[in-house]
Amino acid sequence: MKRIVRFIFAGGIGFFADAAALWLLLDVTPLGPFVARILSIGFALCVTWSINRNLTFRPSSRGIAREGARYGGVGIATSIVNYLVYSAILLALPAVPPLAALFAASLVAMTLSFLGYSRLVFDR
């Protein structure tokens, strides 16, 4: 249970990193919500890897390069789900603000992320 709480904490920080990056990219660049979201997801993945590695799961025995590659693989897979949900919301409901779509999509991807990271990246 403690690991799930730490994962939610890490995910919360990752969510705020993602949201801040998205907001900043939308505010100061000509990027639209779809391209900006790709960049913000990448930033959030880097933030959450560090937190999950050091707080939630502890480093694996695989070494940082292999662990990072596995984390990236799971992260990319769950980010695709996250991005598809985000895009579907914005396309189906154009009045929804991008940050609201980000929130909903992040909730959907959280369960997949925990399962992937706990079983494929940081398993003992």
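This is a predicted model: local features need pLDDT of at least 70, side-chain atom pairs count only at pLDDT 80 or more; totals for chains, interfaces and linings use all residues.

Tutor: Residues are numbered from 1 along each chain as its sequence is written, and side-chain values use heavy atoms, with hydrogens and water left out.

Student: Okay! At what angle do α1 and α4 pack?

Tutor: Helices here are DSSP runs (H or I, at least four residues), numbered from the N terminus. Two packed helices are described by the angle between their axes and the distance between the axes. An axis is a line fitted to C-alpha atoms over the stretch in contact, and angles run from 0 to 180 degrees between N-to-C directions. For α1 (residues 2–28) and α4 (residues 98–121), the axes are 10 Å apart and the angle is about 140 degrees.

Student: And how many residues of the contact of α1 with α4 are nonpolar?

Tutor: Contact means heavy atoms within 4.5 Å, and the α1 side includes F7, F15 and L22, while F103, M110 and F114 are among those in α4. Ala, Val, Leu, Ile, Met, Phe, Trp, Tyr, Cys and Pro count as nonpolar, Asp, Glu, Lys and Arg as charged, and the others, Gly among them, as polar. The contact has three polar residues, two charged ones and, for the nonpolar class, 14.

Student: Which helix supplies the largest share of the lining of the largest pocket?

Tutor: A pocket is found on a 1 Å grid over the protein atoms alone, as an open set of points where a 1.4 Å probe fits, with protein on both sides within 12 Å along at least five of seven lines; lining residues have an atom within 4 Å of a point. There are 26 lining residues, and G11, T48, N82, S106 and S113 are the closest to the centre. At least two come from each of α1, α2, α3 and α4. The largest share is eight residues, and these come from α1.

Student: What is the volume of that largest pocket?

Tutor: Its lining has 13 nonpolar, 11 polar and two charged residues. Grid points are joined across faces, edges and corners, and a volume is the space filled by probe spheres set on the points. For the largest pocket, that gives about 430 Å³.

Student: Is T56 buried or exposed?

Tutor: T56 sits in helix α2 (residues 33–56). Leaving aside neighbours within four places in sequence, T56 is in contact with R3, R6, F7, A10 and I51. Buried means under 20% relative accessible area, exposed over 50%, and partly exposed in between (1.4 Å probe, protein chains only). T56 has 1% relative accessibility, so this residue counts as buried.

Student: How far apart in space are Y71 and Y83?

Tutor: Y71 belongs to helix α3, and at 2% relative accessibility Y71 counts as buried. Beyond four places in sequence, Y71 touches residues including W49, Y117 and F122. Y71 and Y83 are 12 residues apart in sequence, and their C-alpha to C-alpha distance is 17 Å.

Student: Last one: what separation do the C-alpha atoms of D123 and S60 have?

Tutor: D123 lies in the segment after α4 and is partly exposed, because its relative accessibility is 29%. Not counting residues up to four places away in sequence, D123 touches R62, Y117 and S118. D123 and S60 are 63 residues apart along the chain, yet their C-alpha atoms are separated by 7.0 Å.
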